[in-house]
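Subject: Structure handover

Hello,

Here is the structure I promised to pass on. Please open it alongside this message, and then read the notes that follow.

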Amino acid sequence: MAADVKIDIAAEFTGKKAFRQAETATDKMSKNVKKLAGTLGLAFGGQAILSYGKKAIKAAAEDEKAQKQLALALKNVGLERDAASTEAYIQNLQSEFGILDDKLRPAYQTLAIATQDTAESQRLLNLSLDIAASTGKDLGSVTSALSRAYLGNNTALSKLGVGISKADLKAKSFQDITNELQETFAGSAQSAANTFQGSIDKLGVAAANASEIIGTGLIDALKGLGDEDSVDNLAKSMESVATYTADVIRGIGVLVEKLKGLPGIGALDVQMIPIIGAYISYFNQLGKASQGGNGINAQGLAHLAELQAKYTSEILKDKKKITQEENKALKAARLKAALDKANLALSKGEEVFDMDKIQNAAALASQAEQLGKATNGTQLLQIANDTARLNVKKSILALEDAMASKDEAAITAATKKLNADIGILGALTGQDLKLANIKTILDSLKPKDLINLMNLEAALALLGKINVATGGSTAGGSSTGVAASGIPVNDFIAPISTSGGSIAAILEYADAATARANAFADLLDMQNAADAAAFNASSLGTSAGNTIIVNTGIGDPNAIAEAIDQVLTDAAQRGTLRQYATP
Amino acid sequence: MPTEVKGAIELRKALRQFTPDLAKETQKEIAAILKPITAKARGFIPSSTPLSGWAKSNNGTWGNRTWSSSEAKRGVGYKTSPSKPNRSGFRALARIVNASPSGSIYETAGRLNPQGRPQAPLAEVVAPGHSNFGKMIRSGSKGESVSNNPNAGQQFIDAMNRTSLIVNAYQRQEGQRGRASRKMKGRAIFRAWAEDQGKANAAVIKAIEDSKVKFEQRVKGK
């Protein structure tokens, strides 16, 4: 009642018991099927076949040994003449109930030793099989209990739990007890053999027998092989044959089913199959002819061990070879990784390199600004020093660029510039300083003017020369004559009196004066144009300050345009941009 | 519907095996969380019998279900050890229980049939050796009342409801699918659980999580 009156807190799913049981059963089933498939050799590789061959030979050897042991035991108890029939009886039980002869022989041997009677032993073995199938006990313990009971010791029989009371065990004879047990457990072994598990067991027995038969055949086959290549070939052939045989077995299954439908044909005989049957029979005869007379012997096993060692050695060599190749590949991969790392570092270095350029330009701009604020010689010297260093750095960068571009001329020029800058820096560092040098350095920071206070006199003189050359008058020259423009000197219209004159005369005068002024203006424009042409033709007009050279080579026009734009922007920011013509 | 936690059972085993002190500490923490709820639930158990006749001892069907306030209060408790798996395969890591017969009845009366069970029909006893052979008696299934009073169930439940109404402590989890649980209703432990509003549940899970962290620290520390 109180079962539901509870509050569960933080539950955990641990799975259902029924699910676990089902999973376990499925696992068991799949393991059995896998084991059977493995035993039948449906999926073998070369190594697996060799291993299977070894097991098969071992199984064949053990089977032969068990047969001999049973025969010896029967001989010792006086049942030697029944050895062959006993072996046939065991084989029959094996195929009927799906129990391996490895278990049946010891069980029969135990009973035969106790009873010393073939018929009684077989009766008790049948009973043991029924009891074992019904109770789940192993066959060995049941036969042991029965054999002891046969000899008068009922304790083990009472412990089997077969439903016989102690009173019955004491009162009844062994025959009565076994008769009662036969009635109780009648048909148990047969029923168990007819289940699915029983069918699997039967197949397992058939596979084990096949394994033993193959093992015997292998011993004979290996005697004729020379080296490991032969084993390889044999393994491959066996693999092919195994696959082929599996298909044949399936085909035989179908064929047997079909034959059942034909009147007068009870079972399959290979020789009944047209053509192929003849070939199979031929191989069968060939195999029988080559079958060793002495069965399994030590020589065959030793030969197999030798071949296996060779095979293993060969595999080891292959593995070593593969490992070496893997090492090489690993080494190459490591080298590549190192190169990638180096490239990454270089690319980072390039970024730094660019940063150097940027910082250098900024520092130079800063020095130019400081120059304007300098008030004494010490500051000028400091600025000159810093500027020289920056110039050296700039030259280094330019040289690196030149080296990267592999342009010999550029490299030579950059080297020369670097040497010059280093020379200046060396002079500054050594305090071997001349004022002229400082001035030169500082002048490099100043914007280049076309005409300034320094060259004003020279410019005026030059302009004067230009004027004279073009026939113009010099400043403060004669008041007579004709100017270069063709206008007479002091040629002007005399003013008229505005009082007492007619309005028409005044208007006429004004028109004339305007026409004359316009004529003078035109002449002045012509003179300016001529002056400009003369200036451009002079050394001032052709100075480098008006020409921007962009060393971009042949490339992207946009890149060139951006470079020009950058130069002009920098100049505008520095305040050194005077004017530039737009196309 | 308890919150599902993964690995707590294994964690508890590991705690008990490698850090017994930490295992005990965790149990104590969980107990400390659940104790106030059980105390409150005990407070909801009436000190006097809800129906005057229920407390009278008798030997009939209700012989072992006689009302006892002290027994009902004692029956309310908590467990901090994992339960056995239920039919769905879940194991509760901790739980609050109302274990006594009378306490369980008080807890759940009217939970399924708020108006009491329907009256079972009258049927003649035809078994010759039966003590009531030839008589008309009420014979029904578990869901039917065999009382001759058709309102017996209703009166019983009303008497319970006068002391405390049934409270639904079901808390639907976020994104939870399926039908809501109908077994999270009651007058004592479920009421106390509902009033706690899930704080204890969260605290228990946190205590388990904390123990996991402590355990990992201890193990790494070693």
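First, a rule: a charge sits over a ring if NZ of Lys or CZ of Arg is within 6 Å of the ring centre and within 35 degrees of the ring normal. By that rule, Arg191(B) lies over the face of Phe44(B), 3.9 Å from the ring centre. Arg187(B) has its charged end over the ring of Tyr106(B), at 5.9 Å from the centre.

Some ground rules. This is a predicted model, in which local features need pLDDT of at least 70 and side-chain atom pairs count only at pLDDT 80 or more, while totals for chains, interfaces and linings use all residues. Residues are numbered from 1 along each chain as its sequence is written, chains are lettered from A and ligands numbered from 1 in the order in which they are written, and side-chain values use heavy atoms, with hydrogens and water left out.

**Confidence**

The complex gets an ipTM of 0.86 and a pTM of 0.35 from the predictor. Chain B has a mean pLDDT of 88, and 98% of its residues reach 70 or more. pLDDT is the predictor's confidence in each residue, from 0 to 100. Where it is low, the predicted coordinates should not be read in detail.

**Chain B**

Chain B has seven helices and six strands. Helices (H or I, at least four residues) and strands (E, at least two) are DSSP runs, numbered from the N terminus. Along the sequence the pattern is α-α-α-β-β-α-β-β-α-β-β-α-α. Of the 222 residues in chain B, 36% are buried. Buried means under 20% relative accessible area, exposed over 50%, and partly exposed in between (1.4 Å probe, protein chains only).

Start with H2(B). It has 25 residues and reaches 36 Å from its first C-alpha to its last, close to the 36 Å expected at 1.5 Å a residue. The expected span is 1.5 Å times one less than the number of residues. H2(B) has a kink of about 30° at Leu34(B), shortly before the proline Pro36(B). The bend at a residue is the angle between axes fitted to the seven residues ending there and the seven starting there. Leu34(B) is among the buried residues of H2(B), and so is Phe44(B).

Next, H5(B), residues 152–163. Its 12 residues should span 16 Å at 1.5 Å a residue, and the end C-alpha atoms are 18 Å apart, which agrees. Its buried residues are Phe156(B), Ile157(B), Ala159(B) and Met160(B). They cover an arc of only 155° around the axis, which puts them on the same side of H5(B). The arc is that of the directions from the helix axis to the C-beta atoms.

**Chain A**

H3(A) covers residues 83–97. Its 15 residues reach 21 Å from first C-alpha to last, close to the 21 Å expected. Among its buried residues are Tyr89(A), Ile90(A), Leu93(A) and Phe97(A). Down the axis, the buried residues of H3(A) fall within an arc of 160°, so they line one face of the helix. Just after H3(A), Gly98(A) takes a positive phi of about 70°.

Ala10(A) is near 50°. It is found in strand S1 (residues 6–13) of chain A and is buried, with a relative accessible area of 0%. Gln116(A) is near 55°, in the loop between helix H4 (101–115) and helix H5 (118–135) of chain A.

**Aromatic pairs**

Rings of Phe, Tyr and Trp (its six-membered ring) pair if their centres lie within 6.5 Å; planes under 30 degrees apart count as stacked, over 60 as edge-to-face and the rest as tilted. The count is seven aromatic pairs over all chains.

One of them joins Tyr150(A) and Phe174(A), edge-to-face, 5.3 Å centre to centre with 90° between the planes. Tyr150(A) is in helix H6 (residues 139–150) and Phe174(A) in helix H9 (residues 174–184) of chain A, 24 residues apart. Tyr150(A) is partly exposed at 30%. Phe174(A) counts as buried at 15%.

Another pair, Trp54(B) and Trp67(B), is tilted: 5.0 Å centre to centre, 45° between the planes. Both residues are in the loop between H2 and H3 of chain B, 13 residues apart. Trp54(B) and Trp67(B) are buried.

Best wishes
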